[in-house]
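The briefing is grouped by topic.

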Amino acid sequence: MSALMRVWNHFEEAAIAFLLGAMTLVTCTYVLLNNLYTVFYWLADRWEGGSELMFSIGDFIIGYAQAMTWSPALTKALFGWLIFLGMAYGVRTAGHIGVDALVKLAPRGLQKVLGLIAVCACIAYSLLMASGSYAWVSVLFKAGIGAEDLDHFGILQGHIALIVPFGFGLMALRFGEILLRIVRNEQTGLGLADEAADALKHMDEEAKP
């Protein structure tokens, strides 16, 4: 089981890195092409002997840039996938905002009870959202509606929306891991980020000579 979780953890991190890299590559390419052709037009105006070549290159680049009207839609789709994969990753890495300052003032036994209640509520919410979004995605697939500016690639809105139930399902699994750790007394709360503690730690580090 631990080996399977390690594989899944690496896959999750690789998927997030891929989405970030793809977003960056598509956006940079689109912006570059939409500005690069002006350089060749400028050279064509100032280099009479090579003006025809420069204009040809400029026309080729602007034509390719105009053909990339799909890039903003693809970037938005990748960003949506990044958000819903990132939800589960944030639970695993304790990256979400923690608001349990009062809970930490309670006795350890009570902290465990409150932690169990909180994590069960989070699991219920995640499963509810996963179930509801799955029904929504099913309707989208039945409707067969093409994704904006991506439909000519055969991409439907349902393909993009698949990440919603998938992401909430993964988040439920991550909260399930926390539930097991609380039951085993390996932690007491959700293990989310403690901004107050982080701020105090940062202040202590700055105060050191």
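**Helix H1 against helix H6**

The axes of helix H1 (residues 2-46) and helix H6 (residues 163-183) come within 14 Å and cross at roughly 135°, where axes are lines fitted to C-alpha atoms, for helices over the stretch in contact, and angles run from 0 to 180 degrees between N-to-C directions. H1 is therefore oblique to H6, since angles under 35 degrees count as roughly parallel, over 145 as roughly antiparallel, 65 to 115 as roughly perpendicular and the rest as oblique. This is a predicted model, in which local features need pLDDT of at least 70 and side-chain atom pairs count only at pLDDT 80 or more, while totals for chains, interfaces and linings use all residues. Residues are numbered from 1 along each chain as its sequence is written, and side-chain values use heavy atoms, with hydrogens and water left out.

- Met5, Trp8, Asn9 and Glu12 in H1 meet Phe166, Leu170, Arg174 and Glu177 in H6, contact being taken as heavy atoms within 4.5 Å.
- By class, this contact of H1 with H6 has four nonpolar, one polar and three charged residues (Ala, Val, Leu, Ile, Met, Phe, Trp, Tyr, Cys and Pro count as nonpolar, Asp, Glu, Lys and Arg as charged, and the others, Gly among them, as polar).

**Helix H3 against helix H6**

- Helix H3 (residues 71-92) packs with H6 at an angle of about 5°, their axes being 8 Å apart, and the two helices are therefore roughly parallel to each other.
- From H3, Gly80, Trp81, Phe84, Leu85, Met87, Ala88, Val91 and Arg92 meet Ile163, Val164, Phe166, Gly167, Phe168, Leu170, Met171, Arg174, Phe175 and Ile178 in H6.
- The contact of H3 with H6 comprises 14 nonpolar, two polar and two charged residues.

**Serine 71**

- Serine 71 lies in helix H3 and is buried, with a relative accessible area of 2% (buried means under 20% relative accessible area, exposed over 50%, partly exposed in between, with a 1.4 Å probe and protein chains only).
- Leaving aside neighbours within four places in sequence, serine 71 is in contact with Val26 and Tyr30.

**Helix H4**

- At 1.5 Å a residue, the 36 residues of helix H4 (residues 108-143) should span 52 Å, which agrees with the 52 Å between its end C-alpha atoms; the expected span is 1.5 Å times one less than the number of residues.
- Gln111, Gly115, Val119, Ile123, Ser126, Ala130, Ser133, Val137 and Leu140 are buried in H4, and what covers the buried residues of H4 includes helix H5 (157-161) and H6.
- Glycine 144, whose phi is positive, near 65°, follows H4.

Conventions: Helices (H or I, at least four residues) and strands (E, at least two) are DSSP runs, numbered from the N terminus.
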